[in-house]
Amino acid sequence: VVVYIELPTGYDVRQIDLATIRLEGAVPAETRPSAIGDQDKDGVTDLMVKFKRSDVIAALPAGDKVPVKVNGKVGVTTFEGVDIVRVIK
């Protein structure tokens, strides 16, 4: 499962500690592969990370509009983002 992380102005995704990234506070991001880019072409740099699909499915309920939280640390600051996804078991 691929996630793209963008941070607010003043923070650099290159400074995100990959070991701290969690989905739903429990599923760790894979340390490889990861990539810096601009996936949505909005001029804001993002970090692409992946999560093991079976772990994500186990952590989320089935549904058409399931909120999913991803959090981690950039320097000493904690970040959190939420998106809505469709989960099919």
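Begin with the lining of the largest pocket: its residues divide into 18 nonpolar, 1 polar and 6 charged. Here Ala, Val, Leu, Ile, Met, Phe, Trp, Tyr, Cys and Pro count as nonpolar, Asp, Glu, Lys and Arg as charged, and the others, including Gly, as polar. The model is predicted, so that local features need pLDDT of at least 70 and side-chain atom pairs pLDDT 80 or more, whereas totals for chains, interfaces and linings use all residues. Residues are numbered from 1 along each chain as its sequence is written, and side-chain values use heavy atoms, without hydrogens and water.

The volume of this pocket is about 540 Å³. Select Val3, Val68, Val70, Asp83 and Val85, the closest to its centre among the 25 lining residues. A pocket is an open set of points on a 1 Å grid over the protein atoms alone, where a 1.4 Å probe fits, with protein on both sides within 12 Å along at least five of seven lines; lining residues have an atom within 4 Å of a point. The volume is the space filled by probe spheres set on the points, which are joined across faces, edges and corners.

Next, colour β1 (2-6), α1 (53-59), β6 (63-74) and β7 (77-87), each of which supplies at least two lining residues. The largest share, 8 residues, comes from β7. Helices (H or I, at least four residues) and strands (E, at least two) are DSSP runs numbered from the N terminus.

Finally, select β4 and β5 (residues 46-50), which run antiparallel and are joined by 3 bridges. Ala35 stands opposite Met48 in β5.

Key: Two strands pair if DSSP finds at least two bridges between them.
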